[in-house]
Amino acid sequence: MQRVYTDSDPLIVGHLAEVLRGRGIVCMVRNYYLGGGVGDLPPTEVWPQLWVERDEDEAVARRLIDEVLSNHDSDGPAWVCPGCGERVEGQFAACWRCGSPAP
Ligand SMILES: [Zn+2]
C-alpha cells in the first residue's frame, strides 16, 4: 500500500480515485468521512487520503494524478487522433500527421 495523494477536499480525492480505477489501478480512499474534531491528530492526518493497493502502481498513479490536476493548464493531456490513430501532444489542436482536429 502506498499513499499517493492527500487533500482537504474529499471530492478531489474521490475524483482521482475514480480516474485511477478507470485505468485499472486498485486504490482506496481513507478518512473520506472524517474531517474536523478528531482529537489531537494534525489536520493533514485526518484529510482524505488516496492509497494504491499495489506498490508497483505508485509511479503510474502519481503521473495520472499530475495529469488530472494540471488539466487546467493550456497544455491538455495527449490525445489520440481519430483520423489516423497517432498519439498527439496536448498542446496541438490538430494532428501533425494527417491534420485532423483534436476530438
Ligand atoms: Zn491524424
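The chat below goes through the predicted model shown above, from its overall fold to its zinc site and salt bridges.

User: Before we start, what kind of model is this, and which pLDDT limits apply?

Analyst: This is a predicted model, in which local features need pLDDT of at least 70 and side-chain atom pairs count only at pLDDT 80 or more, whereas totals for chains, interfaces and linings use all residues. Residues are numbered from 1 along each chain as its sequence is written, and side-chain values use heavy atoms, with hydrogens and water left out.

User: OK, how many helices and strands does the chain have?

Analyst: The chain has 3 helices and 5 strands, and along the sequence they follow the pattern β-α-β-α-β-α-β-β. Helices (H or I, at least four residues) and strands (E, at least two) are DSSP runs, numbered from the N terminus.

User: And what share of the residues is buried?

Analyst: Of the 103 residues in the chain, 28% are buried. Buried means under 20% relative accessible area, exposed means over 50%, and partly exposed lies in between, with a 1.4 Å probe and protein chains only.

User: What is the strand order in the open sheet?

Analyst: The open sheet of 3 strands has the order β1-β3-β2, with antiparallel pairing, where two strands pair if DSSP finds at least two bridges between them. β1 (2-6) and β2 (27-30) stand at the edges with a single partner strand each, so one side of each has no neighbour in the sheet. From one strand to the next, the twist averages 30°.

User: Which residues stand opposite each other in those pairings?

Analyst: β2 and β3 (residues 49-52) pair in the antiparallel sense over 4 bridges, with cysteine 27 opposite valine 52 in β3 and arginine 30 having glutamine 49 as its bridge partner. β1 and β3 also run antiparallel and are joined by 4 bridges, and here threonine 6 stands opposite glutamine 49.

User: Are the residues on the two faces of β3 buried or exposed?

Analyst: They are buried on both faces, with Gln49 and Trp51 on one side and Leu50 and Val52 on the other.

User: Changing topic: what coordinates the zinc ion?

Analyst: Cys81, Cys84, Cys95 and Cys98 coordinate the zinc ion through their SG atoms, at 2.3 to 2.4 Å. Donors are N, O and S atoms within 2.8 Å of the metal (3.2 Å for Na, K and Ca), and water is not among the atoms, so sites may look incomplete.

User: What geometry does that site have, and how are the donors spaced along the chain?

Analyst: The site is tetrahedral, with angles of 102 to 116° among its 4 donor atoms; four donors count as tetrahedral if all angles lie between 85 and 135 degrees. For comparison, the ideal angle for four tetrahedral donors is 109.5 degrees. Along the chain the donors follow the spacing C-x2-C-x10-C-x2-C. One pair among them links distant parts of the chain, since cysteine 84 is in the loop between β4 (79-80) and β5 (87-88) and cysteine 98 is in the segment after β5, 14 residues apart.

User: Those two cysteines, buried or partly exposed?

Analyst: Both count as partly exposed, cysteine 84 at 34% relative accessibility and cysteine 98 with a relative accessible area of 40%.

User: What does serine 100 touch?

Analyst: Serine 100, which is in the segment after β5, touches Trp79, Cys81, Gly83, Ala94 and Cys95, not counting residues up to four places away in sequence. Contact means heavy atoms within 4.5 Å, and serine 100 is buried, with a relative accessible area of 19%.

User: Last topic, how many salt bridges are there?

Analyst: The structure holds 5 salt bridges, each being a side-chain nitrogen of Lys or Arg within 4 Å of a carboxyl oxygen of Asp or Glu. Among them is the one between arginine 97 and glutamate 86, with the closest N and O atoms 3.0 Å apart. Arginine 97 lies in the segment after β5 and glutamate 86 in the loop between β4 and β5, so the pair ties together parts that are 11 residues apart in sequence. Arginine 97 is exposed at 53%, whereas glutamate 86 is buried at 19%.

User: Which residue does arginine 54 meet in a salt bridge?

Analyst: Arginine 54 meets aspartate 57 at 3.0 Å, N to O; arginine 54 is partly exposed at 33% relative accessible area, and aspartate 57 is buried at 11%.

Terms used. Four donors count as tetrahedral if all angles lie between 85 and 135 degrees; four count as square planar and six as octahedral if opposite donors are over 155 degrees apart and all others between 65 and 115; anything else is irregular. Axes are lines fitted to C-alpha atoms, for helices over the stretch in contact, and angles run from 0 to 180 degrees between N-to-C directions.
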